[in-house]
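Please keep the sequence and the structure in view while reading.

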There are 2 protein chains.
Amino acid sequence: MGSIELPQRCLIFLGEVTDPSMAKTAFGLRDWAPQRCVGEYSLPGCTVSTGLPRLTPTQARERGADGFIIGVANFGGILAESWIPILLEALGAGLDVVSGMHSRLTDHAQLSAAAQRYGRKLIDVRKPAAGIPVASGRKRTGKRLLTVGTDCALGKKYTALAIARALQARGLPATFRGTGQTGIMIAGAGIPIDAVVADFVAGAAELLTPDAAPEHWDVVEGQGSLFHPSYAGVSLGLLHGTQPDVIVVCHELGRTHLVDVPEYPVPSLFETIDLNLRLARRTNPQARCAGISLNTAALSPSEASNVLEEHSSRLRLPVADPMRGGPAFERLVQACIAQ
Amino acid sequence: MGSIELPQRCLIFLGEVTDPSMAKTAFGLRDWAPQRCVGEYSLPGCTVSTGLPRLTPTQARERGADGFIIGVANFGGILAESWIPILLEALGAGLDVVSGMHSRLTDHAQLSAAAQRYGRKLIDVRKPAAGIPVASGRKRTGKRLLTVGTDCALGKKYTALAIARALQARGLPATFRGTGQTGIMIAGAGIPIDAVVADFVAGAAELLTPDAAPEHWDVVEGQGSLFHPSYAGVSLGLLHGTQPDVIVVCHELGRTHLVDVPEYPVPSLFETIDLNLRLARRTNPQARCAGISLNTAALSPSEASNVLEEHSSRLRLPVADPMRGGPAFERLVQACIAQ
């Protein structure tokens, strides 16, 4: 109850996309959940490829696929009528269909009828599952890390994925916990936290990161920012419910004003750490900041290296760009798990 | 769009209630919106009365009523089958039916069919209306006051109602803005803020308190507490979206631990003021705390007077119990509107 569960092995659908930035979910799946990707399928006109083998739904089914994931965004989040035939074919071939679009698969009469006929599921990742409780505030066993941000859309999901993978590479039990549509598709499960009714957001975060073995890490994808006038409430509910032992603050170098509300300045890293810890300590008095994930995509490697060092000595914390990895990222990961 | 609009003159339904504490909505309507109350109606076995004239739905309609409000809570929030005949009679008499219960009127087939047949509305006050936008963070004209709390359920609605009435008594344009089911029924409009999808909570607060004349006050019913591990996200979204010029902090004397989560201590008044202002100033840098509303229901009048004075000199702020009124409350109201 409460968490969305997705099919475990999938064929990724690229539609007719020609702009790679519209296929972020497909690339995210390929890069972060390759064991769950069986192949790709696209329609005539599509110029983007993940490099995965091209398979029909029936071929994918024969290779063990149980799902067909719509891996592209669409202007307006609308289900394209040109996609319906292949979605019907996928259902007929025995695949569940997964979508992260605003318009719901289950609202489409023809798809609903076909899903029922073939005994398959239509899974809308933006729609929370039923059964999410009000948060209890009770301390849970196991360890939790939450990525938080100075703003939206600057690398909280990517940072959580990279840290979870680094922990696993060190032999530590770690689970990435998806809270947005792409994160959930990559994880194969999760709760779309910003689509939950407000009273249940902290409860959703508790449900997403249940009691676990003492040495296990849940690495949770953050949402929004405590400083964003549109979404701060979501961020606070997620922070309180996650009860993180560790936060990692994500920031994009050079961003000065918030997404969608340019009259709001980006807060300082110091202020972001301070406010997140102050609020986090209400539900976990031991919460601490392990370091900063800095998005340095705009810089050359040597520039980036200098900037990371500058920030690190100024803040006296590990500062790394997970996209670049290297010793700086190793130090950040080490700081996350240090006692 | 977005705000629920209720019928303006109502017959209040008391069911078969025998415990006055289960009829809080009925008493709230009588006390705070008497101009909207035409009469009451109850079923055999009911021992509670608001003192309003007893009328049938048809009699109420003849006296100008357009609504029939369920003014009692029910264990489990379930619509009692014994109520259906009178609800059908109310619809037939030309009244819209209003409910704040968990179970929805619109889910009841017989009521839905009757409403359609008679051209009347079934209004579930816990269900947000469609069309609530994401918050813009834009500064709006007019003035806003928000009641906030150290905890849930300690007088935020009552305080907002009392302040709105006191402002109106001084000849100032002021509107009480309901954010919970009873508050909305009293106001005759509003948004059930904790039932809104998380991404839209701040947007709902913006919608609820739109641009107004420079001297107009929106007095907004607060929800939850920034310190409550279950509901803090709701409180922050409401705080950010309201952009209050003034907050009034509500507290119940002697309460030491939070409702439903007794392992969480009630924060100090100082900490509550400080955290609310720090967060409020993100969307309104001029936010200030005008004073404290202290629920002293457990004390004698002279004890209460001493406690209010003690708190006031310690905090250097007006401290009043709106239930008791008097000079202390006058000072609090004056501090709210002081420039």
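## A covered strand

In chain A, strand 7 (residues 143-149) is mostly covered, with seven of its seven residues buried. The model under discussion is a predicted one. From strand 7 of chain A, A:Lys143, A:Leu145, A:Thr147 and A:Gly149 point one way, whereas A:Arg144, A:Leu146 and A:Val148 point the other way; all are buried. In a regular strand, side chains alternate between the two faces of the sheet.

Strand 7 of chain A runs parallel to strand 10 (residues 217-220) of chain A, and four bridges join them. Within that pairing, A:Lys143 has A:Trp217 of strand 10 of chain A as its bridge partner. Strand 7 of chain A also pairs in the parallel sense with strand 11 (residues 246-252) of chain A, over five bridges. Here the bridge partner of A:Leu145 is A:Val246 in strand 11 of chain A.

## A second sheet arrangement

Five strands of chain A form an open sheet with parallel pairing, in the order 3-2-4-5-6. Its edge strands are strand 3 (37-41) and strand 6 (122-124) of chain A, each of which pairs on one side only. On average, neighbouring strands of this sheet are turned by 25 degrees against each other, direction ignored.

Strand 2 (residues 10-13) of chain A runs parallel to strand 3 of chain A, joined by four bridges. In this pair, A:Ile12 stands opposite A:Glu40 of strand 3 of chain A.

## Two domains in chain A

The domain assignment of chain A gives domain 1 (4-124) and domain 2 (143-337). The centres of domain 1 and domain 2 of chain A, taken over C-alpha atoms, are separated by 29 Å. Their contact takes 14 residues from domain 1 of chain A and ten residues from domain 2 of chain A.

On the side of domain 1 of chain A that touches domain 2 of chain A, the elements giving two or more residues are strand 1 (4-5) and helix 1 (24-32) of chain A. Helix 1 of chain A gives the most to this side, with five residues. The residues of this side of domain 1 of chain A divide into seven nonpolar, four polar and three charged.

A:Ala90 has its place in helix 3 (residues 84-92) of chain A. Is A:Ala90 buried or exposed? A:Ala90 counts as buried because it has 28 C-beta neighbours inside 10 Å, and the cut-off for a buried residue is 20 or more.

Leaving aside neighbours within four places in sequence, A:Ala90 is in contact with A:Pro57, A:Phe68, A:Leu95 and A:Val97. A:Arg61 lies 29 residues from A:Ala90 along the chain, and their C-alpha atoms are separated by 9.0 Å.

Helix 7 of chain A is largely enclosed by the rest of the structure, because eight of its eight residues are buried. Among them are A:Val201, A:Glu206 and A:Leu208. The buried residues of helix 7 of chain A pack against strand 8 (174-177), strand 9 (189-190) and helix 8 of chain A, together with helix 8 (232-242) of chain B.

Between the chains, 28 residues of chain A are in contact with 28 residues of chain B. On the side of chain A that touches chain B, helix 7 (201-208), helix 8 (232-242) and strand 13 (261-265) of chain A each give two or more residues. The largest share of this side, six residues, comes from helix 8 of chain A. The residues on this side of chain A divide into 17 nonpolar, eight polar and three charged.

Definitions and conventions. Residues numbered from 1 in each chain as written. Chains lettered and ligands numbered in written order. Predicted model: local features only at pLDDT ≥ 70, side-chain atom pairs only at ≥ 80, totals over all residues. Contact = placed C-beta atoms within 7 Å. Nonpolar A, V, L, I, M, F, W, Y, C, P; charged D, E, K, R; others polar. Domains from an automatic or database assignment. Buried ≥ 20, exposed ≤ 12 C-beta atoms within 10 Å, placed from the backbone. Pairing = 2+ DSSP bridges. Axes fitted to C-alpha atoms, helices over the stretch in contact; angles between N-to-C directions.
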